[in-house]
Amino acid sequence: MLRRLLGILIPVAFVLVAAVFVPMGAMVAQQRTQEMYVDRLGDAGRFASLARTALETDRQDALDQEMGRYEDLYDIPAVVVAPDGDVVAGSGRGDVDGALLATDVTTALAGERPAPPSTVWPWSDAPLVIADPIGRDSEVVGAVVLIAPTQDLGRDVLRAWGWLALASLIPLALLVFAGLPLSRWVLHPIRGLDAATEAVASGDLDVRVDAERGPPELRRLTNSFNTMVDVVRTALERQRAFVSEASHQLRNPLASLRLAVENLAPYLSTRESRDAHAVAVEEATAMHRMLNSLLAATRLESLTGTETVEVAEVVATRADRWRALGEARGVDVSTTVPTGVSVVAPAGGLGSILDELVSNALRLSGGDRVEVRVEVGDPVHIRVLDNGTGLAPEHRQAALERFWRSAHHQNTEGSGMGLAIAADLVRGANGQITLGEGLADDGRPGFGVSIELPLAT
């Protein structure tokens with residue numbers, strides 16, 4: 001982000017400096033051209049005075065010698081042009097191109113000085129032609145023409161531009177160096193918001209952003225963000241506290257109610273009353289299981305953030321318990337987990353998620369084999385597979401919703417919340433949970449849950 005902002009500010013600084021120094025460079029070129037023009041025009045005026053005397057007295061030798069010495073000294077040819085356009089005196093007569101003189105000489109022969117020349121640029125090689133009339137108005141007897149090369153003038157302008165370019169580096173460097181701390185100052189709240197947003201997305205609601213640095217508008221934004229996080233955190237804590245406290249408060253009255261209902265058994269004499277009594281006991285037991293599930297769900301939902309865990313270590317701490325539960329139900333539980341595989345998982349939640357999945361397989365599958373398998377890749381696939389009756393494809397998406405129960409498992413222990421909460425936790429760790437077929441056996445497709453978690457580097 002800092003590089004992108006500097007990528008905008010630095011070109012702007014170049015444009016600002018160029019907006020100042022480019023007109024200055026043009027002004028320097030124009031000024032040097034004007035200085036040369038004034039100097040040469042003064043020389044042309046002096047030659048015009050000499051040429052008038054020479055033409056009136058018909059003595060041109062002295063004028064030719066003077067113009068020759070001038071060309072030797074300055075390398076600038078100087079000639080005198082008669083009203084008919086012929087060169088009648090001066091140095092370098094054979095080197096003077098009549099077409100070159102035509103533009104300005106006509107104006108000079110009319111008794112007027114030509115307009116000042118346009119600016120000479122370093123890449124221009126055309127000479128500077130200066131014509132000055134000999135005499136004024138109706139007494140014009142010719143014109144003096146100087147043909148001044150502009151190579152030295154171009155080099156002089158280019159040299160001045162070089163010094164201007166060096167001078168422009170100073171404000172440009174100041175702008176660049178000022179832009180770096182300015183960019184950091186402007187982006188400080190944005191970097192904080194970016195990091196805080198990422199932390200909130202991973203479940204950390206304790207994060208706060210420094211609201212004391214940066215522009216006032218961004219400070220207000222960070223204050224609003226901190227307030228929003230506080231509101232969300234308070235709402236979640238109240239929700240979890242309500243569910244937990246309500247579950248705890250209901251357990252004792254429910255236990256007393258169940259005990260009272262069970263104590264009614266000796267007083268029931270008819271078959272209908274005993275059947276109703278059995279239904280009441282079963283419903284009380286189901287409500288007790290639901291309260292336990294709500295408490296467990298509250299504990300799972302309180303897990304926030306992510307952590308790097310080694311899958312083999314998590315499985316090793318639970319494998320013996322899974323096997324013991326499987327033996328009690330006549331189910332063989334096996335694990336195939338390579339060592340050294342670490343994943344980014346919900347903080348403190350991967351073991352609980354696997355417990356829920358293995359428990360579902362033991363209670364609901366109807367098979368006799370459950371396997372926990374890890375397939376290494378990126379992402380890492382952690383699969384819990386059984387060889388039971390499976391789940392129809394049209395029911396798999398619904399199975400990830402809270403309180404959903406299959407028609408075949410309505411009277412089975414459980415609340416229908418564990419799989420949905422596990423899916424939420426996995427998604428919170430940038431993972432994904434999918435349902436599919438498991439260990440096909442004796443014509444049964446089996447059922448499988450696959451957890452995809454990012455590989456930790």
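Angles between elements, as used in the legends below, run from 0 to 180 degrees between N-to-C directions, and the axes are lines fitted to C-alpha atoms, for helices over the stretch in contact. With that convention, helix α2 (residues 61-74), which lies across β1, β2 and β4, runs at about 145 degrees to β1. The model shown in every view is predicted.

**View 1**
The protein contains eleven helices and eleven strands. When contacts between residues at least 6 apart in sequence are considered, 67% of them join residues at least 24 apart.

**View 2**
The four strands follow the order β2-β1-β4-β3 in an open sheet, and their pairing is antiparallel. At the edges stand β2 (87-90) and β3, each of which has a single partner strand, so one side of each is left without a neighbour in the sheet. Neighbouring strands of this sheet are turned by 25 degrees against each other on average, direction ignored. Strand β1 (residues 78-81) and β2 run antiparallel and are joined by three bridges, and within this pair V81 has V87 of β2 as its bridge partner. Helix α2 lies across β1, β2 and β4.

D43 belongs to helix α1 (residues 2-57). With a relative accessible area of 17%, D43 falls under the 20% limit and therefore counts as buried. Leaving aside residues up to four places away in sequence, D43 touches Y70 and L146. The side chains of D43 and Y70 are joined by a polar contact of 2.6 Å.

**View 1. Helix α8, with its buried and exposed residues.**
In helix α8 (residues 319-329), the buried residues are A319, W322 and G326. These three cover an arc of only 60 degrees around the axis, which puts them on the same side of α8. Exposed residues are found on the other side of α8, namely D320, E327 and A328. The packing partners of the buried residues of α8 are the helices α7 (311-316) and α9 (350-364) together with the strands β6 (332-336) and β8 (369-375). Just after α8 comes G330, whose phi is positive, at about 75 degrees.

P379 is placed in the loop between β8 and β9 (380-386).

D75, a residue other than glycine, has a positive phi near 60 degrees and lies in the loop between α2 and β1. Its relative accessible area of 53% is over the 50% limit, so D75 is exposed. N430, again a residue other than glycine, has a positive phi near 65 degrees, and its place is in the loop between α11 (418-428) and β10. N430 is exposed, with a relative accessible area of 68%.

**View 2. D442 in the loop between β10 and β11.**
The loop that holds D442 runs between β10 (432-436) and β11 (447-453). D442 counts as exposed, at 69% relative accessibility. Along the chain D442 and G388 are 54 residues apart, while a distance of 9.5 Å separates their C-alpha atoms.

Terms used
Residues numbered from 1 in each chain as written. Predicted model: local features only at pLDDT ≥ 70, side-chain atom pairs only at ≥ 80, totals over all residues. Heavy atoms only, no water. Buried < 20%, exposed > 50% of the residue type's maximum accessible area, 1.4 Å probe, protein only. Arc of directions from axis to C-beta. Contact = heavy atoms within 4.5 Å. Pairing = 2+ DSSP bridges. Polar contact = N/O pair within 3.5 Å; in protein donor to acceptor, adjacent residues only side chain to side chain.
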